[in-house]
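Please work through each task with the structure open before reading its solution.

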Amino acid sequence: CGSGALLALLLMRTLTAAGAAPAGYEYCTLCHGATGGGNVAILAPALAGIEPWYLAEQLQGYRMRHRGKDFATDPAGTEMRVVTNDLRPEETDAIGAWLSRLPVVMPPVTVAGDARRGKSLYATHCAACHGARAEGNAALHAPSLVRLNDWYVVASFHKYQAGLRGADATDPWANAMQVQSRALPTDFAIEDIARFLGTLKP
């Protein structure tokens, strides 16, 4: 069959496995896609497979203006903050549970980097919190990094370094990430780590 038919079949199987999208996800579909695959063209990361606790924390961060404070410096984050205000807590919980059941489709490579060097850098700077295989650690509020788009890993790191994420001390876990990122040089090879993460399987 053609590629269009194959994609339609995969989409149908994915939605069947996870069940119908919950109320409230219609706010997310336009940017993040019907199956949480994301859209690099509008800087919307993949959400399929995200941990419900982490999604809830990040949405709360938007509501508290810890993220997306300024449209001029973080337009995508500001748009997320506006959308988040329209979601009720029960919708947030249902969306997180549904997204966590969606199968992770490894995103395409968009970043140039050295995965071999990234493996070493990851072990030195990231593994203590995010795990040896980037599986995450809920006790440390450190999410899995395996399912992430490589461009999003790079963009998030630079936002932490620039103070666009984690600057508020009332958000201690994000603040800890900001402190760690700002201890590294501005030319730190985060692209290498992003490429290494892309070699890992969920």
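Predicted model: local features only at pLDDT ≥ 70, side-chain atom pairs only at ≥ 80, totals over all residues.

**Exercise 1.** Which residues in H3 meet which residues in H4?

*Solution.* From H3, the contact residues are Leu 59, Tyr 62 and Arg 63. Their counterparts in H4 are Gly 77, Met 80, Arg 81 and Thr 84. By class, the contact of H3 with H4 comprises three nonpolar, two polar and two charged residues.

**Exercise 2.** Describe how helix H3 packs on helix H4.

*Solution.* Two quantities are needed, since a pair of packed helices is described by the angle between the axes and the distance between them. For H3 (residues 52-63) and H4 (residues 75-84), the angle is about 95 degrees and the axes lie 8 Å apart. Angles of 65 to 115 degrees count as roughly perpendicular, so H3 is roughly perpendicular to H4.

**Exercise 3.** Characterise the crossing of H8 with H10 and the residues that form the contact.

*Solution.* Begin with the geometry: the axes of H8 (residues 150-162) and H10 (residues 190-197) come within 9 Å and cross at roughly 145 degrees. The crossing is right-handed. Next, list the contacts: H8 contributes Asp 150, Val 153, Val 154, Phe 157 and His 158, while H10 contributes Ile 190, Glu 191, Ala 194 and Leu 197. Finally, classify them: six are nonpolar, one is polar and two are charged.

**Exercise 4.** How many of the residues of H10 are buried, and what covers them?

*Solution.* Seven of the eight residues of H10 are buried, so that the helix is mostly covered. The buried residues are Ile 190, Asp 192, Ile 193, Ala 194, Arg 195, Phe 196 and Leu 197. Their cover includes helix H6 (115-125) and H8.

**Exercise 5.** Locate the salt bridge between Lys 159 and Asp 74, and state the exposure of each partner.

*Solution.* The structure holds four salt bridges. In this one, the side chains of Lys 159 and Asp 74 meet at 2.7 Å, N to O. Lys 159 belongs to helix H8 and Asp 74 to the loop between H3 and H4; the two are 85 residues apart, and the pair links distant parts of the chain. Buried means under 20% relative accessible area. At 21%, Lys 159 is therefore partly exposed, whereas Asp 74, at 5%, is buried.

Technical notes
Residues numbered from 1 in each chain as written. Heavy atoms only, no water. Axes fitted to C-alpha atoms, helices over the stretch in contact; angles between N-to-C directions. Helix = DSSP H or I, 4+ residues; strand = E, 2+ residues; numbered from the N terminus. Left-handed = near helix turned anticlockwise from the far one by under 90°. Contact = heavy atoms within 4.5 Å. Nonpolar A, V, L, I, M, F, W, Y, C, P; charged D, E, K, R; others polar. Buried < 20%, exposed > 50% of the residue type's maximum accessible area, 1.4 Å probe, protein only. Parallel < 35°, antiparallel > 145°, perpendicular 65-115°, else oblique.
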